[in-house]
Amino acid sequence: MSHQLPPLRCTRCHTEFPVQSLVWHCPCGGVLDVADFGARLPARSELATRPATLWRYAEALPVPELAEVSLGEGMTPVVPAVGLPDARVKLEFLSPTLSFKDRGAVMLATLAKLLGVRRLIADSSGNAGTALSAYAARIGVPCEIYVPASTSPGKLGQMRAHGADVHLVEGNREDAARAAKAAAEAPDASYASHMFHPYFLHGTKTFAFELWEQGMPETVVLPVGHGTLLLGAYLGFQELLAQQLIPRLPVIIGVQSANCGPLAAAADAGSPSPAVITPVPTRAEGIAIAEPARGEAILAAVAATGGTILGVTDDQVHTARAELAASGFYVEPTSAVCWAAIQAARTGTAPASPAWATATPHLTGPLTLALSGAGLKSPN
């Protein structure tokens with residue numbers, strides 16, 4: 001099918017930009033969304049004839065499938081959680097580069113291929129960088145990734161294996177982002193930012209479409225840093241609801257590390273904006289984001305579903321990761337935050353707070369959680 005690449009629109013001042021301009025943010029400081037895109041999902045009878053990749057939803061995606069770019073991403077399995085008969089696990093760590101970030105990275109790489117981009121630059125805590133490195137290698141475009149110097153060696157090795165030029169930045173995740181943005185000012189560079197470029201979210205929304213096919217849950221539990229999986233899932237659920245393919249939005253519960261939880265702190269305070277925090281190092285490095293680019297949108301999304309954002313401790317994450325491994329799922333610590341939250345609610349060890357009071361009824365009923373990244377990325 002033919003595609004017309006939809007433009008971008010500022011969420012603050014509503015200025016529109018052609019996607020060919022490679023603009024990634026509005027001069028007014030607002031973030032961008034995809035404008036006027038009429039996503040449509042095919043009938044289930046038609047889907048049954050299509051390959052088990054995210055490209056089965058071609059009519060709902062902003063770019064066309066290019067065979068030379070795809071790695072077969074999407075349609076990750078959903079399996080029962082051991083010991084919890086009403087809980088299911090979606091195995092996002094079985095994606096080609098071992099994290100859900102492949103869903104969005106293939107959108108950005110396909111767009112880069114269509115637009116003739118000559119150099120890709122991104123910042124990452126690890127998984128977005130490994131995904132973009134792999135897809136940049138597929139299209140033969142040089143790729144530079146800026147990461148905190150503390151990033152797990154497994155993720156650094158994966159990026160370098162794909163041929164990326166990896167820049168280690170002293171400091172935290174926000175320092176890496178600032179370095180990448182400065183480098184992206186070069187005239188031949190494109191800032192392929194998973195948190196700023198809205199085409200990325202149209203890749204991660206396929207997580208929601210797959211759950212529609214695999215069995216729509218009452219509650220979805222997701223790790224949250226910049227929120228690219230959560231916001232993508234929310235977008236997908238909204239599109240399903242708009243087409244009357246589901247009767248209601250599932251409740252979305254996001255989980256952060258308590259050591260770096262600006263959204264969890266905001267949810268507890270009833271604030272629509274992320275809290276200003278001083279981040280502390282955490283085992284859950286993949287969501288150690290003190291200043292989420294779309295923080296207000298994340299908080300609004302979970303509130304619209306009746307959900308909230310929670311924080312869990314590093315000790316809870318360590319225990320949860322071990323429990324998941326004992327049941328057959330070897331995931332990185334970031335992935336274990338969801339299991340930690342579910343176990344805290346079900347064992348009565350959750351703290352007394354407004355956010356936990358909202359979440360606990362949903363965490364103790366039927367749900368699906370995402371395991372977002374593989375254990376070999378952060379084996380320690």
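Leaving aside its neighbours within four places in sequence, which residues is R119 in contact with? In this predicted model, the partners of R119 are V141, P142, E144, A186, D188, A189 and S190. R119 itself sits in the loop that runs between α2 (102-115) and β6 (120-123). Its relative accessible area is 17%, and because the cut-off for a buried residue is under 20%, R119 counts as buried. The side chain of R119 makes a polar contact of 2.5 Å with the side chain of E144, and a polar contact of 2.9 Å links the side chains of R119 and D188.

Attention can now turn to the pockets. The largest pocket holds about 700 Å³ of space. Its lining is made up of 30 residues, and those nearest the centre are T11, V31, D33, R294 and A297. Several elements come together here: β1 (8-10), β3 (32-34), α6 (198-204), α8 (228-242) and α10 (295-304) each contribute at least two residues to the lining of the largest pocket. Among the contributors, α8 gives the most, with 5 residues. By class, the lining of the largest pocket comprises 16 nonpolar, 8 polar and 6 charged residues.

The second largest pocket has a volume of about 320 Å³. Of the 15 residues lining the second largest pocket, S150, N172, P281, T282 and A288 are the closest to its centre. The lining of this second largest pocket consists of 6 nonpolar, 6 polar and 3 charged residues.

Conventions: Residues numbered from 1 in each chain as written. Predicted model: local features only at pLDDT ≥ 70, side-chain atom pairs only at ≥ 80, totals over all residues. Heavy atoms only, no water. 1 Å grid on protein atoms, 1.4 Å probe; cavity = no way out; pocket = protein on both sides within 12 Å on 5 of 7 lines; lining within 4 Å. Points joined across faces, edges and corners; volume = space filled by probe spheres on them. Helix = DSSP H or I, 4+ residues; strand = E, 2+ residues; numbered from the N terminus. Nonpolar A, V, L, I, M, F, W, Y, C, P; charged D, E, K, R; others polar. Buried < 20%, exposed > 50% of the residue type's maximum accessible area, 1.4 Å probe, protein only. Polar contact = N/O pair within 3.5 Å; in protein donor to acceptor, adjacent residues only side chain to side chain. Contact = heavy atoms within 4.5 Å.
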